[in-house]
Amino acid sequence: MATAYTTKNLTCIVCPRGCTLTVTLDPTAESPVVSVEGQGCKRGVDYATAECTHPTRVLTTTAPTVDGGVVPCKTNRAIPRELLFEAMAVINTLSAPAKVEIGDVLLENLLGTGADVVATAKRG
Amino acid sequence: MQNYVNHSAPYTSLVIVGGGPAGLSAAVAAYDAGVRDMVVLERDLNPGGILRQCIHNGFGLHRFGEELTGPEYADRYHKMVLERGISVKTGATVLDVTPAEGEEGVAAYVTAISEAEGMFTLRAGAVVLAMGCRERSKGALNIAGTRPAGIFSAGTAQRFVNMEGYMPGRKVVILGSGDIGLIMARRMTLEGAEVKAVCELMPYSGGLARNITQCLDDFGIPLMLSHTVTQIHGRERLTGVTVSKVDEKRRPIPGSEIYFACDTLLLSVGLIPENELTRGAGIGMDGITGGALVDQYRQTSLPGVFACGNVLHVHDLVDYVSEEAALAGVSAAAHLRGELTGGRTVTLKTDGKVRYTVPQTITVTANTSDVTVYFRPSDIYRDVTVTVREGGADGKILSKKKRIKVAPGEMETVTVKAADLMNTAADTLYVSIEETTKKEGNL
């Protein structure tokens with residue numbers, strides 16, 4: 001029985017190389033990714049698989065500080081792409097300390113994703 | 001231009017102008033190559049340069065094997081500088097670099113001003129120029145219409161959002177699809193603005209492909225290629241822009257106008273290496289790169305003065321800025337030891353498809369190493385072979401590299417071997433982009 005495979009072209013976003021990936025998908029299967037071509041490294045395959053099932057993104061933004069400024073921060077791992085705006089809303093309510101080191105956790109377990117929001121710049 | 005010459009000014013072996021990723025990397029490399037008497041002069045209150053406002057990630061994959069945000073990358077270098085006890089003066093703006101005419105052991109006089117010290121001059125044994133670049137402004141663009149508030153360069157908006165915590169506006173149009181424009185499209189959207197479109201004059205984007213995906217596609221922001229802003233509307237504050245399609249000569253096509261109501265226009269229309277000091281010193285400049293003419297040691301036409309990073313040519317990745325700056329730092333150290341003398345000059349010429357090369361010349365001596373030539377193509381070309389030939393377009397091929405695709409937005413390299421440089425009688429090398437043919441003609 002021939003299954004109707006579909007193909008999708010993606011740009012990998014894992015590193016600045018931005019390899020063009022061609023993903024073959026079986027829409028009927030539980031794990032739809034059949035094969036990935038064009039990746040420059042193994043991480044491209046993982047990216048393509050995630051992107052075609054549950055896309056995730058690392059969020060980089062700034063958090064308000066208690067003294068009225070902002071401190072650059074990021075999620076320490078990728079979170080579901082559909083949560084980005086909700087994550088922004090939560091991070092924009094934080095009141096980070098005036099004195100912060102790179103890596104300090106500003107918020108644990110953002111929206112239950114298991115990702116922490118960590119400072120990416122030293123302040124104070 | 002004032003030339004500040006002060007023969008009794010204190011001597012410093014190495015003065016580095018700029019404490020961003022280039023300056024800091026040059027300092028670390030010079031230190032590790034043996035230089036101890038040096039100072040980095042940085043005009044901002046903190047070192048790190050433009051990286052401090054680049055809060056997105058994508059930095060450091062080559063250099064550190066990790067994906068870092070701009071501030072994290074800057075911090076790595078700042079820590080290396082602190083560990084070595086290298087002196088960094090912040091809040092110090094260099095006003096002038098003047099060649100030291102015939103003064104033994106002194107390359108130039110560097111004059112700076114800071115709140116802490118007032119105006120001061122240093123007699124520098126060697127100088128590394130690492131001033132970075134600035135953005136092309138609206139004034140350079142000649143867009144018809146009024147001059148309301150609400151028009152910013154993308155980098156200015158980035159500073160406002162990421163460092164000052166201000167939103168420049170709420171309804172945004174972006175002109176220019178280079179990385180800064182794309183990154184700000186995402187940043188503004190995440191902070192609640194509506195980015196209506198990113199317009200790009202050229203038929204292709206100058207930014208990284210990954211940024212099209214993660215900055216535009218992710219948010220459904222349209223990329224309008226071959227379009228530009230042709231009119232600005234609004235009295236005190238921007239109320240809208242007119243966008244037109246352009247033809248193959250980049251001229252607006254009448255009748256193609258589209259109006260976007262907006263309160264903010266971000267301009268990401270080019271970076272210009274900041275070379276006022278370089279020109280003031282009478283250093284030879286390259287009209288295409290906007291930076292100094294250099295040899296493979298990154299030495300300019302003024303002996304003992306080196307240039308690296310975005311002030312020399314605009315880079316795509318900070319990792320390569322650091323690599324180039326390390327080269328300049330090592331070269332400055334070699335100059336201080338008296339090792340960079342003599343040799344003959346080989347000039348690099350290009351065909352029309354290679355927009356520029358850095359270096360523009362190669363100094364060939366008995367100790368020459370392989371030279372990595374950095375270049376950008378002038379357009380997108382596919383299935384090509386980048387070729388370095390002796391003498392001219394028909395010369396013997398010294399080196400070649402096949403590429404499936406080259407694009408102006410991605411800096412490339414080709415290597416010329418030391419043996420070839422030492423054996424060639426030619427004083428010119430010709431760098432070209434040729435169609436890859438199945439039959440090789442001039443091997």
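**Figure 1. Strand β1 of chain A at A:Asn9.** In this predicted model, A:Asn9 counts as exposed, at 59% relative accessibility. The residue belongs to strand β1 of chain A, which covers residues 6–11. Between A:Asn9 and A:Glu86 there are 28 Å in space, taken from C-alpha to C-alpha, and the two are 77 residues apart in sequence.

**Figure 2. Strand β7 of chain B at B:Ala108.** B:Ala108 is found in strand β7 of chain B, residues 108–114. B:Ala108 has 0% relative accessibility and counts as buried. B:Val15 is 93 residues away from B:Ala108 in sequence, while the C-alpha atoms of the two are 9.5 Å apart in space.

Figure 3. A disulfide is a covalent bond that links the sulfur atoms of two cysteines. Over all chains, the count of disulfides is 0. B:Cys199 takes part in none, and the nearest cysteine sulfur, which belongs to B:Cys262, is 9.5 Å away. With 0% relative accessibility, B:Cys199 is buried.

**Figure 4. The ring pair of B:Phe152 and B:Phe160.** Over all chains, the structure has 5 aromatic pairs. In the pair of B:Phe152 and B:Phe160, the ring centres are 5.9 Å apart and the planes stand at 80°, so the arrangement is edge-to-face. Are the two residues buried or partly exposed? B:Phe152 is buried, at a relative accessible area of 17%, whereas B:Phe160 is partly exposed, at 30%.

**Figure 5. An aromatic cluster and charges over rings in chain B.** One aromatic cluster is made up of B:Phe64, B:Tyr73 and B:Tyr77. Over the ring of B:Phe64 sits the charged end of B:Arg76, 5.1 Å from the ring centre. Elsewhere in chain B, the charged end of B:Lys353 sits over the ring of B:Tyr381, at 5.8 Å from its centre.

Figure 6. A probe the size of a water molecule, rolled over the atoms, shows where empty space is left. The model has 1 cavity of 30 Å³ or more. The volume of the largest cavity is about 60 Å³. Which residues line the largest cavity? From chain A there is A:Thr60, and from chain B there are B:Ile55, B:His56, B:Gln158, B:Asn162, B:Ile183, B:Arg186, B:Arg187 and B:Leu190. At least two lining residues come from each of α4 (154–164) and α5 (179–190) of chain B. Helix α5(B) gives the largest share, 4 residues. Sorted by class, the lining holds 3 nonpolar, 4 polar and 2 charged residues.

**Figure 7. The second largest pocket.** The second largest pocket has a volume of about 1300 Å³. Its lining consists of 39 residues, and those nearest the pocket centre are A:Pro16, A:Arg17, B:Arg403, B:Glu410 and B:Glu412. Several elements of chain B each supply at least two lining residues, among them α2 (61–64), α6 (209–216), α8 (318–336) and β27 (412–416). Strand β26(B) contributes the largest share, 4 residues. By class, 18 of the lining residues are nonpolar, 11 are polar and 10 are charged.

Figure 8. Most peptide bonds are trans. The bond that joins B:Val358 and B:Pro359 is cis, with omega about 10°. B:Pro359 lies in the loop of chain B between β22 (354–358) and β23 (361–364).

Figure 9. Most residues other than glycine have a negative phi. For A:Asn109, which is not glycine, phi is positive and near 50°. A:Asn109 is in the loop between β8 (105–107) and β9 (117–119) of chain A, and at 40% relative accessibility it counts as partly exposed. The loop between β8 and β9 of chain A also holds A:Leu111. A:Leu111 likewise has a positive phi, near 50°. The relative accessible area of A:Leu111 is 33%, so the residue is partly exposed.

How values were computed. Residues are numbered from 1 along each chain as its sequence is written. Chains are lettered from A and ligands numbered from 1 in the order in which they are written. This is a predicted model: local features need pLDDT of at least 70, side-chain atom pairs count only at pLDDT 80 or more; totals for chains, interfaces and linings use all residues. Side-chain values use heavy atoms; hydrogens and water are left out. A disulfide is a pair of cysteine sulfur atoms within 2.5 Å. Buried means under 20% relative accessible area, exposed over 50%, partly exposed in between (1.4 Å probe, protein chains only). Rings of Phe, Tyr and Trp (its six-membered ring) pair if their centres lie within 6.5 Å; planes under 30 degrees apart count as stacked, over 60 as edge-to-face and the rest as tilted. A charge sits over a ring if NZ of Lys or CZ of Arg is within 6 Å of the ring centre and within 35 degrees of the ring normal. On a 1 Å grid over the protein atoms alone, a cavity is a set of points where a 1.4 Å probe fits but cannot get out, and a pocket is an open set with protein on both sides within 12 Å along at least five of seven lines; lining residues have an atom within 4 Å of a point. Grid points are joined across faces, edges and corners, and a volume is the space filled by probe spheres set on the points. Ala, Val, Leu, Ile, Met, Phe, Trp, Tyr, Cys and Pro count as nonpolar, Asp, Glu, Lys and Arg as charged, and the others, Gly among them, as polar.
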